[in-house]
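I looked up the entries below one at a time.

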Amino acid sequence: MSNTVSESPSSKVSRMGGASILGRIPFWKIIDEAGVLLVLIVLMAVLSFDNQVFGTWFNMRLIALDAALVGIVACGQTFVILTAGIDLSLGSMVAFSGVVVAGLMTVRGLAFPEQMSPQLSPWMAIPIALGFCTLYGMLQGVIITKLRITPFIVTLGSLSILQGLALVLSNAAPVQQLPRDLRWMIQIRPVVLGVELPLPMPAIITLIVYITAWLVLRYTKLGRYAYAIGGNETATRLSGIKVDRYLIAIYSLSAFLAAMAGVILAVRLDSGNYTNGETYTLDGVAAAVIGGTSLMGGVGGVWGTLVGAVLMSVVRNALVLYNVPSMWHRVVVGGIIVSAVAIDALRKRFRS
């Protein structure tokens, strides 16, 4: 499921001792490219056989809704990780954008300045929230590139800043009762062959986001240079590419996608809250790494990330269906993340 900026010569592959099962394609290469997808298919088949609820349309819709929002955040995180960076502020960005858009649209408004209640229409409030978050992402990119501060430190600080701003703007309470005419962002009901078919709109939006992101990675300079920067930033600079400009664009894109997920989540919950999306940072990193994007940069792709996001949603759904106490859910997710990082290290060893 992953893309690389360099191809491994078949002669090197042969020396690694991988067993070929499809002609000249080594076994480890198949596992590397499609292993996560195979795991997802097997897991869903087992759960469908063992649990009658799992395969129902209602449950599939829940999985799609859960995977969609994490998937949008993880898509932006994938771009950042491809450059060998990381954005730890995405979870807080989700909360911040949700509070801002809810505050701009509702009667209660924002807590700062004092009870300001602009009550803007959604067509004005949403672009303002997305634009403000994108500008903040751009600011992060400028600090990282111009001041030469590591992305880990900058985005860790932003995590606290954005969380604090969401807390202040919401006055530590949910901003509720968003306009009802935004419900189309959660579900649409097209009529197919005379039958009304409810579809989760976030899943459709996510699919559009991933198709666009794949086209950007494959056919634009931004995508190609993201791989190049992650592969060897110094060599990319020496080749005359304006690395800082592309890094700023990538951090802006990451913030924009997180803000988009925040707006959709606020509409889905009918509430902008400073706690919204608080686990999305780790989930986004985990989805990208599980999907084959290397934390070292330069290797990966968005389709693997989408599979990783769905896999994590299926695991969380299975924990609920089998009545596993909620306190164990974080333990399992943490175990998946550690396992994904370990597998990433093994992948790097095989590729080298």
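Basis. I worked from a predicted model, in which local features need pLDDT of at least 70 and side-chain atom pairs count only at pLDDT 80 or more, while totals for chains, interfaces and linings use all residues. Residues are numbered from 1 along each chain as its sequence is written, and side-chain values use heavy atoms, with hydrogens and water left out.

Whole chain. I found 13 helices and ten strands in the protein chain; these are DSSP runs numbered from the N terminus (helices H or I, at least four residues; strands E, at least two). Of the 352 residues, 48% are buried (under 20% relative accessible area; exposed is over 50%, partly exposed in between; 1.4 Å probe, protein chains only). Among contacts with a separation of 6 or more, 74% join residues 24 or more positions apart (contact: heavy atoms within 4.5 Å).

H5 and H10. I looked up helix H5 (residues 122–146) against H10: their axes come within 7 Å and cross at roughly 145°. Axes here are lines fitted to C-alpha atoms, for helices over the stretch in contact, with angles from 0 to 180 degrees between N-to-C directions. The residues of this contact divide into 14 nonpolar, five polar and two charged; Ala, Val, Leu, Ile, Met, Phe, Trp, Tyr, Cys and Pro count as nonpolar, Asp, Glu, Lys and Arg as charged, and the others, Gly among them, as polar. On the H5 side I noted Thr134 and Met138, among others, and on the H10 side residues including Asp244 and Phe256.

Thr134. This residue lies in H5. Beyond its neighbours within four places in sequence, Thr134 is in contact with Ser252, Ala255 and Phe256. A polar atom of the Thr134 side chain lies 2.7 Å from the backbone oxygen of Leu130.

Asp244. I found Asp244 in H10, and it is buried because its relative accessible area is 12%. Not counting residues up to four places away in sequence, Asp244 touches Thr145, Lys146, Arg148 and Arg237. Its side chain makes a polar contact with the side chain of Arg237 at 2.8 Å (a pair of N or O atoms within 3.5 Å; within protein, one must be able to donate a hydrogen and the other to accept it, and residues adjacent in sequence count only if both atoms are side-chain atoms).

Leu253. Leu253 also lies in H10 (residues 243–269). I noted it as partly exposed, since its relative accessible area is 25%.
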